[in-house]
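Work through the two exercises below with the chain in view.

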Amino acid sequence: MSPPRFIPGHEVPARPRDTALLFAAHGLELLVAERDNTVRIPTCAELPELATGALFLGTLGDVDCYAAAFPKDISPPEGMKLVPARGLFNRLDESLFGVAGRALSIAEWDATHRFCGRDGQPTVLVPGERARRCPVCRTPYYPRISPAVIVLITRGDSMLLARNANFPGAFFSTLAGFVDVGESLEETVVREVKEEVGVDLKNLRYFGSQPWPFGRSLMLGFTAEYAGGEIQVDGQEIAEAAWFTPDNLPQLPPRLSIARQLIDTFIAHVKARSTPA
């Protein structure tokens with residue numbers, strides 16, 4: 001059976017909310033009901049005060065979904081707790097996990113744009129779209145999406161992976177960075193790689209994209225071939241970097257990330273190329 005399809009929406013449906021799912025977010029944490037080591041998303045009926053002002057996200061199959069910010073100054077209801085949303089991967093259905101990521105960003109946007117940054121007036125929701133607007137100067141405020149590039153660099157059957165100095169754990173991943181003002185995506189890839197590990201690139205190709213709520217970003221994936229230079233890590237963002245083959249891999253990022261998709265795709269390509277026809 002295929003997973004239920006999520007259809008995003010802005011207009012609140014004219015039907016009761018009691019059985020709808022309520023994704024209550026606090027920063028990058030999500031409120032869940034936990035029992036016997038299993039977790040589930042609570043319903044609006046279980047969180048009536050939050051449900052009243054919750055934002056409609058869309059429908060997952062035939063179930064309505066809402067998002068709300070969970071207040072800092074109250075304790076979770078009995079049987080519920082705030083958990084890092086990233087840690088819910090493989091504990092929630094994949095489709096639910098995707099909606100949870102969307103809810104994190106929407107809840108934060110709604111909580112941080114209640115007042116106009118230009119004249120300080122309270123903003124109001126705009127019917128028909130995901131926006132808040134100042135009623136005085138008419139400035140609209142949309143959910144922030146920060147574009148970032150991520151690239152897998154290859155050299156024959158090897159790939160260049162790096163360990164970020166700021167990430168927990170000792171896993172190695174692809175290189176990534178945020179797009180600067182006035183840059184194309186390709187220019188960002190070349191700049192970030194040169195800054196972080198000091199090598200040059202050729203044959204840059206687009207791979208795919210992935211919304212990434214844990215940095216409020218849209219990850220745009222690329223592949224590129226090594227064109228020259230010696231690895232010289234910046235010592236600030238990157239702690240170490242090296243070339244790895246499919247037979248000699250370090251600890252890798254989790255499978256939910258586009259970084260892992262890039263790595264796994266390259267590994268499959270190398271193995272297919274080395275298998276006799």
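In sorting residues, Ala, Val, Leu, Ile, Met, Phe, Trp, Tyr, Cys and Pro count as nonpolar, Asp, Glu, Lys and Arg as charged, and the others, Gly among them, as polar. This is a predicted model, in which local features need pLDDT of at least 70 and side-chain atom pairs pLDDT 80 or more, while totals for chains, interfaces and linings use all residues. Residues are numbered from 1 along each chain as its sequence is written, and side-chain values use heavy atoms, without hydrogens and water.

**Exercise 1.** Describe the lining of the largest pocket.

Step 1. On a 1 Å grid over the protein atoms alone, a pocket is an open set of points where a 1.4 Å probe fits, with protein on both sides within 12 Å along at least five of seven lines; lining residues have an atom within 4 Å of a point.

Step 2. The space in the largest pocket comes to about 840 Å³. Its lining has 30 residues, and Gly98, Gly101, Arg102, Pro211 and Pro213 are the closest to the centre.

Step 3. Sorted by type, the lining holds 16 nonpolar, nine polar and five charged residues.

Step 4. H2 supplies the largest share, nine residues. Helices (H or I, at least four residues) and strands (E, at least two) are DSSP runs, numbered from the N terminus.

**Exercise 2.** Describe the lining of the second largest pocket.

Step 1. This pocket has a volume of about 700 Å³, where a volume is the space filled by probe spheres set on grid points joined across faces, edges and corners.

Step 2. Of its 31 lining residues, Asn164, Phe167, Ala176, Trp212 and Met219 lie nearest the centre.

Step 3. S13 gives the most, with four residues.

Step 4. The lining of the second largest pocket divides into 18 nonpolar, nine polar and four charged residues.
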